[in-house]
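Notebook open, model loaded. I'm jotting down what I look up as I go.

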Amino acid sequence: DRQTLVAVLQFLRRSNLRESEEILRREARLLGDDLGGNVATVATSSPGVAAVAAVPPGKGETRGVCGVGPSSRRGPREVGSPCAARSLGGSPLFWETKVGAVVVEDQPDVSAVLSAYNQQGDPTLYEEYYSGLKHFIECSLDCHRAELSQLFYPLFVHMYLELVYNQHESEAKSFFERFHGDQECYYQDDLRVLSSLTKKEHMKGNETMLDFRTSKFVLRISRDSYQLLKRHLQEKQNNQIWNIVQEHLYIDIFDGMPRSKQQIDAMVGSLAGEAKREANKAKVFFGLLKEPEFDVPLDDEDEEGENEEGKPKKKKPKKDNVGSKSKKQDPNAPPQNRIPLPELKDSDKLDKVMNMKEAARRVRLGPECLPSICFYTFLNAYQGLTAVDITDDSSMIVGGFADSTVRVWSVTPKKLRSVKTAADLSLIDKESDDVLERIMDEKTASELKILYGHSGPVYGTSFSPDRNYLLSCSEDGTVRLWSLQTFTCLVGYKGHNYPVWDTQFSPYGYYFVSGGHDRVARLWATDHYQPLRIFAGHLADVTCTRFHPNSNYIATGSADRTIRLWDVLNGNCVRIFTGHKGPIHSLAFSPNGRFLATGATDGRVLLWDIGHGLMVGELKGHTDTIYALRFSRDGEILASGSMDNTVRLWDAVKAFEDLETDDFTTATGHINLPENSQDLLLGTYMTKSTPVIHLHFTRRNLLLAAGAYSSQ
């Protein structure tokens, strides 16, 4: 494309990048100084030579080019050269630059972002352009109509913003009033924000606006539908719309059948459209790590084998096959040392033994055998219950409250005790067998301990796997680590500048994750006061966080209506899941690590296959936000708890069997969800007037639920 090439050369010259200009000239066999003159044909025969992107340039946009490969040997890269320092294995690299605008990347300068709207079209014709396109799409064949209808919303927003930015306020108002009713119902909240932007000044500080401007809205369209659209816009000379498509939309084109309305509706609805297919291509090690092997002392009579403290008596260890499950390494598991995990202490081993004994008596759940549900209702919680967690062995429960307190209860007859004072500890015989008992101070025994320290509502709580520590995060922007030996605060982690909505310990302890209003999730280790990783990419608050069972990945749910999976090792985002129509409030990994369940304000539970990066199920039934999701210990049942005061049980085995995860489905996102999820619903259990905010399966598969009674 000769014009593009000339524009690129002019741009390089204006930017004083003589060296790049010379290289491009040589590659394109262009000699002489006359940039406007006749340009020789561009030769792109040798494999390492750069080709110019054969895409019509958008408004005021040139596509710079940079050679990669043997033919472009050169010295050190000039600063500001339009060549991205990334190599794609010898393929040409394209680097978009906007002439007269800053390259739009993360957290950009507002005025630079908005200047892209300077392009003036005739304001009176905007309604005509839009209704013309609308008429074309509505009259096209059914198979294309569903796909092309995805254009309505992003075009509507950008055309409206363009009118507002160029101060055509009355035209903007009439454009909004005429077409806002045509948009899908799940965009209503966004449109409400948009309707309040009526002047250019309003656009300066509006975050939602900025996100929409800076992140290209992704549409996934089949090649046939795209060709149809392109032809229509070019015939009609409809440059205004074509420019917006070029500048602000990312069209992910796939070969094959167009998708149906149901398939599209299942996947769209997030703040930035769907995920690009590239985003879900990376390999994910979703398998479980191998359990360490150690001897298990087996008691002859299990019942008498436990003394008062619930610790197994010392007996001669007999080799038992439970502890030394010589499992073969799961082929999908990450290497054992991919990330450093803490060593097992003796107390951890003892706990694992207890866990295995409990597991031996675990009830096998299924459609014929549903779990009993024990509901912990917080009565008179006038302080406002905002978070709950239960220890893995179900011995303690913690509540975070809006009055900034954290309250820990023992739910077994064993009371909570603190360690004795230093003076008393010095008198204890350290060699005695029951030294761990002797260090506890009986005078402090009580069922409830209250932890003071936060200066705002506590939105998230999490017990460490060894029950020695407790995390809490708050509106005050900090995450606090509490000792459950002394019931005091050990550390306050400061990194978030705004409220922290959720925090969770890794299943192996030591690491924990937090997510907040500043749109990023942070990975911490208990002994570092700075975060180890910062996971940035969400376009709105990170509302919930979860570790994968193998601790190598972290899932985050956000108010931008997407779920992202992050690799702990390098901080990369390896999966983006779109499909929810409201902010995400709950996440749960299946015990085998293969699947993820997510719940949101739209009352739907969506099921995802992590390996293939695909949505594989949708569970409809709840009528309000889903705040709690949990798989049973063997993964046969998924429990969901909601603000609609119900707990629902779903058949997870049936939901995940015979999945269509062939290459074609993965490539195009043609997912076929069953019309009706009612046959997966095993039971619905109402509370009188208690929203469910936490669920937990005990080691024997009893389901514990928790929430605060609301008198309204």
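**His-548 first.** Leaving aside neighbours within four places in sequence, I find His-548 in contact (heavy atoms within 4.5 Å) with Phe-286, Gly-287, Pro-507, Tyr-553, Phe-589, Gly-593 and Ile-610. The residue sits in the loop between strand 20 (542-547) and strand 21 (553-558). I take helices (H or I, at least four residues) and strands (E, at least two) as DSSP runs, numbered from the N terminus. Is His-548 buried or exposed? His-548 counts as buried because its relative accessibility is 0%. My scale: buried is under 20% relative accessible area, exposed is over 50%, and partly exposed lies in between, with a 1.4 Å probe and protein chains only. I also checked His-548 against Leu-288: they are 260 residues apart along the chain, with 9.2 Å between their C-alpha atoms.

**Ground rules.** This is a predicted model, so I keep in mind that local features need pLDDT of at least 70 and side-chain atom pairs count only at pLDDT 80 or more, while totals for chains, interfaces and linings use all residues. Residues are numbered from 1 along each chain as its sequence is written, and side-chain values use heavy atoms, with hydrogens and water left out.

**Helix 2.** In helix 2 (residues 18-27) I list Ser-20, Glu-21, Ile-23, Leu-24, Arg-25 and Glu-27 as buried. The buried residues of this helix pack against helix 1 (2-14). By salt bridge I mean a side-chain nitrogen of Lys or Arg within 4 Å of a carboxyl oxygen of Asp or Glu. Glu-21 and Arg-25 are about one helical turn apart because they are four residues apart in helix 2. Glu-21 is buried at 1% relative accessibility, and Arg-25 is buried at 6%.

**Other salt bridges.** I get 35 salt bridges in the structure. Asp-634 makes one with Arg-362, closest N and O atoms 2.7 Å apart. That pair links distant parts of the chain: Asp-634 is in the loop between strand 28 and strand 29 (637-642), Arg-362 is in the loop between helix 14 and strand 5 (373-378), and they are 272 residues apart. Asp-634 counts as partly exposed at 34% relative accessibility. I also noted one network, in which salt bridges that share partners join Asp-351, Asp-392, Asp-393, Arg-467, Arg-633 and Arg-699.

I traced an open sheet of four strands in the order 28-29-30-31, with antiparallel pairing. Its edge strands are strand 28 (626-631) and strand 31 (681-686), each pairing on one side only. Two strands pair if DSSP finds at least two bridges between them. Strand 30 (residues 646-651) and strand 31 pair in the antiparallel sense over five bridges, and Thr-646 stands opposite Met-686 in strand 31.

**Record check.** Over residues 493-524 I read 0% helix and 59% strand, with the end C-alpha atoms 9 Å apart. Over residues 619-651 I read 0% helix and 61% strand, with the end C-alpha atoms 10 Å apart.

**Cysteines.** How many disulfides are there? The count is zero, taking a disulfide as a pair of cysteine sulfur atoms within 2.5 Å. Cys-139 is exposed at 54% relative accessible area, and Cys-489 is partly exposed at 29%.
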